[in-house]
Amino acid sequence: MLRKIVVLLLSLLSLTAIFAEGVVEETSTPRYVASTSWVAAIAEIAGLDGVDTVAPADLKHPPEYEITPMDVAKVAKAEIFMYGGYEAMMKTIAEAAEVKEECKVQVRTTNTLSNLTLQVEKISKKAGTEAEAKKRLGEFEALFQDARAKIKENGLDQIKVWANSNQAEFCNDLGLNVVDTFGPGPLSSDELLEAKEAGYDLIIDNYHAVVTSPLSEIVPSTPILIFTNFPSSLEKDALYKVISGNLEMLWNAFGI
């Protein structure tokens, strides 16, 4: 009798494990997968909610993330896989995940309004979320239009801005007067001298690879802002918060 009870219990445990494994398999396979949090944030504007990422969102340099076998499986099962194309993982994905061409969307990751519009239209067309994408994109259009107007009204379009090359497009799109760029690598001795002699009114660096630390002593009176390109989490409205956060720094620096 005891033996029958033991066998029955073992059978029940086995069935429970199989059922649990099936549930995990089903719920852990997202419909939409993005290579990084930046791509995922752009996809959210396109109307795609619940986008998962391959590289963890809290990485400072997610394109350098090396993909794992579990990542490959996740990408291979995604209905839509979105990527920038420059990530280290892409070679492995191309060889191992064998994602069908009709399931892939390459996304240019630059936070200008024109680029975001193009990428959102591309993604939403693939996912069939055009109506929601139009609504969400409208919020970004209003954000940029308001920022451009405020920059012009306060004369910030006339000041000399020195920007990290990875922030220059965004700054120009806002209407800031970017007269030259630096980086993304460490500043050279010539660039340090240039910062001292050029008389820049504002310096904008990139949070994901800050190189302007030496300038705090060389040009102590010049505001140095550290703008962010992409979110460090997959929260709602992630990219909107990134861009509005950058703008808030700018307003605070000039008392606006």
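Pro184 sits in the loop between strand E6 (178-182) and helix H8 (189-197). Most peptide bonds are trans, and most residues other than glycine have a negative phi. Asp237 has a positive phi, near 55 degrees, and is not a glycine. Asp237 belongs to the loop between strand E8 (224-227) and helix H10 (238-253). Its relative accessible area is 31%, so Asp237 is partly exposed. Buried means under 20% relative accessible area, exposed means over 50%, and partly exposed lies in between (1.4 Å probe, protein chains only).

This is a predicted model, in which local features need pLDDT of at least 70 and side-chain atom pairs count only at pLDDT 80 or more, while totals for chains, interfaces and linings use all residues. Residues are numbered from 1 along each chain as its sequence is written, and side-chain values use heavy atoms, with hydrogens and water left out.

**Overall build**

The chain has 10 helices and 8 strands. These are DSSP runs numbered from the N terminus (helices: H or I, at least four residues; strands: E, at least two). Of its 256 residues, 43% count as buried. The accessible surface is about 13,600 Å², and carbon and sulfur atoms hold 55% of that. Areas come from the Shrake-Rupley method with a 1.4 Å probe; for residues, only the protein chains shown count as cover. Contact means heavy atoms within 4.5 Å. Of the contacts between residues at least 6 apart in sequence, 57% join residues at least 24 apart.

**Cores**

A nonpolar core is a set of buried Ala, Val, Leu, Ile, Met, Phe, Trp, Tyr and Cys residues joined through side-chain atoms within 4.5 Å. The largest one has 49 residues; Met82, Ile123, Ile204, Leu239, Ile243 and Leu250 touch the most other members. A second, separate core holds 16 residues, including Val33, Ala55, Ala78 and Val99. Beyond its neighbours within four places in sequence, Ile243 contacts Asn111, Leu116, Phe140, Leu143, Phe144 and Phe170.

Leu116 is also one of the contacts of Thr110; Trp38, Asn115 and Glu169 are the others, again leaving aside neighbours within four places in sequence. Thr110 lies in the loop between strand E4 (104-106) and helix H5 (113-127). Thr110 counts as buried, at 12% relative accessibility.

**Aromatic rings**

The structure holds 7 aromatic pairs. A pair of aromatic rings is described by the distance of the centres and the angle of the planes. Rings of Phe, Tyr and Trp (its six-membered ring) pair if their centres lie within 6.5 Å; planes under 30 degrees apart are stacked, over 60 edge-to-face, and the rest tilted.

| Pair | Centre to centre | Angle between planes | Type |
|---|---|---|---|
| Trp162 and Phe182 | 4.6 Å | 55 degrees | tilted |
| Trp162 and Tyr200 | 5.1 Å | 10 degrees | stacked |

Trp162 is in strand E5 (residues 161-164) and Phe182 in strand E6, 20 residues apart. Tyr200 is in the loop between H8 and strand E7 (202-206), so its pair with Trp162 ties together parts 38 residues apart in sequence. Trp162 is buried, at 0% relative accessible area. Phe182 counts as buried too, at 1%. Tyr200 is likewise buried.

Elsewhere, Phe144, Phe170 and Phe227 form one aromatic cluster. The charged end of Lys60 sits over the ring of Tyr207, 4.7 Å from its centre. That label requires NZ of Lys or CZ of Arg within 6 Å of the ring centre and within 35 degrees of the ring normal.
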